[in-house]
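Please look over the sequence and the fold shown here before reading on. The paragraphs that follow lead through the structure step by step.

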Amino acid sequence: MTFIQWLGMILLIGLALLTIIPFLWMVFASFKANNEVFTIPIQWIPKTWHLENYLVIWSRIPLVTFFKNTAFLSVVITLIQLFTSSFAAYGFSKLNFKGRDILFLAYIGTIAVPWQSYMIPQFIMMRKVGLTDTLWSLVLLQAFNAFGVFLLKQYYSSIPDSLCESARIDGLSEWGIYQKIILPLTKPAIASLTIITFVNTWNDYMGPFIYLSSTENKTIQLGLKMFIGLFDAEYALIMAASVVSVLPVAFIFLAMQKYFVEGIASSGTKE
């Protein structure tokens, strides 16, 4: 390795440490007593490990309900977005129809529209159909994702059109081409979109905050806010609840990290 490469590696390691330090502090703080969390100077390793913090948090608020609601939204929305985004991307990349490029640009242009500008009309629409304070309101509103279509369309464009043409000559339907040729060749891009959608849905706060009001329908992010409001002085328990809420996202990312990096590197987001 050259000096520049060594320098770049050292810089990346330093940035990685800066990124992970707050997470490590949160993990260690979750095992401390409440009066030890914000001591000065910082005491990283707890004097006494309070493992019971991870048992107490489940009895203070209905975390199981919050996890169940969040998992339902994350899984359902991710599956729906994978289908709608991949199917739309196939049409925009492998089918020729009048106005295709203009329609694609118009659809992708919605990414630039801030969510705050149509937040109130969406809420009024959901209220009129009686879906406020239900998980299905968030599922319907997030069923389509312009960024997902853009990501997959750029990846699909790298697949030679000759494969699709050969399949059509052999009598394979468009659904068959999509299912048997396109999807198997685009696993990295699908994995990338899976991680992005799952993480965004799991960490979403504003959407559930606007549409969900009853305790039995709240997500883990709203649950953490409720926990902080009820037990604002019990810092160790707050950190334990925060660690528990992060674990599913960390597991999904680590399990699919290889495909995520490959999918991003092969898509149009690098251009």
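**A helix and its surroundings**

Helix 9, which covers residues 174-185, has twelve residues and reaches 16 Å from its first C-alpha to its last, close to the 16 Å expected at 1.5 Å a residue. The expected span of a helix is taken here as 1.5 Å times one less than its number of residues, and helices (H or I, at least four residues) and strands (E, at least two) are DSSP runs, numbered from the N terminus. The model is a predicted one, in which local features need pLDDT of at least 70 and side-chain atom pairs count only at pLDDT 80 or more, while totals for chains, interfaces and linings use all residues. Residues are numbered from 1 along each chain as its sequence is written, and side-chain values use heavy atoms, with hydrogens and water left out.

Within helix 9, the residues Gly176, Ile177, Tyr178, Ile181 and Ile182 are buried, where buried means under 20% relative accessible area, exposed means over 50%, and partly exposed lies in between (1.4 Å probe, protein chains only). The buried residues of helix 9 pack against helix 3 (63-94), helix 7 and helix 8 (161-169), with contact meaning heavy atoms within 4.5 Å.

Seen as a whole, the protein has 14 helices and zero strands. Along its principal axes the C-alpha trace spans about 70 × 65 × 30 Å, and of the 271 residues of the protein, 40% count as buried. Among contacts between residues at least 6 apart in sequence, 74% join residues at least 24 apart. The protein exposes about 15400 Å², of which carbon and sulfur atoms supply 70%; accessible areas come from the Shrake-Rupley method with a 1.4 Å probe, and for residues only the protein chains shown count as cover.

The charges deserve a paragraph of their own. The mean positions of the 17 positive and 14 negative charges of the protein are 2 Å apart, where Lys and Arg count as positive and Asp and Glu as negative, and His and the chain ends are not counted. The place of a charge is taken as NZ of Lys, CZ of Arg, CG of Asp or CD of Glu. Side chains of opposite charge can pair when their charged atoms come close. The structure holds five salt bridges, each being a side-chain nitrogen of Lys or Arg within 4 Å of a carboxyl oxygen of Asp or Glu.

Which residues are linked with Arg168 in a network of salt bridges? The network joins Arg168 with Glu165 and Glu174. Arg168 forms a salt bridge with Glu165, the closest N and O atoms being 3.2 Å apart, and because these two residues are three residues apart in helix 8, they are separated by about one helical turn. The side chains of Glu174 and Arg168 also meet in a salt bridge, at 2.6 Å from N to O. Arg168 counts as partly exposed at 23% relative accessibility, as does Glu174 at 30%, and Glu165 is partly exposed with a relative accessible area of 43%.

Another salt bridge pairs Asp101 with Arg100, whose closest N and O atoms are 3.4 Å apart. Asp101 counts as partly exposed because its relative accessibility is 49%, whereas Arg100 is buried, with a relative accessible area of 17%. Lys153 lies in helix 7 (residues 146-156) and, leaving aside its neighbours within four places in sequence, is in contact with Ala89, Phe92, Ser93 and Phe104.

A few residues elsewhere along the chain complete the tour. Leu12 is found in helix 1 (residues 3-29) and is exposed, with a relative accessible area of 59%; Leu12 and Thr132 are 120 residues apart in sequence and 45 Å apart in space, C-alpha to C-alpha. Val199, in helix 10 (residues 187-203), counts as buried because its relative accessibility is 19%, and the C-alpha atoms of Val199 and Trp25, 174 residues apart along the chain, are separated by 22 Å. Ser242, found in helix 13 (residues 235-255), is buried with a relative accessible area of 16%, and Ser242 touches Met26 and Leu224, not counting residues up to four places away in sequence.
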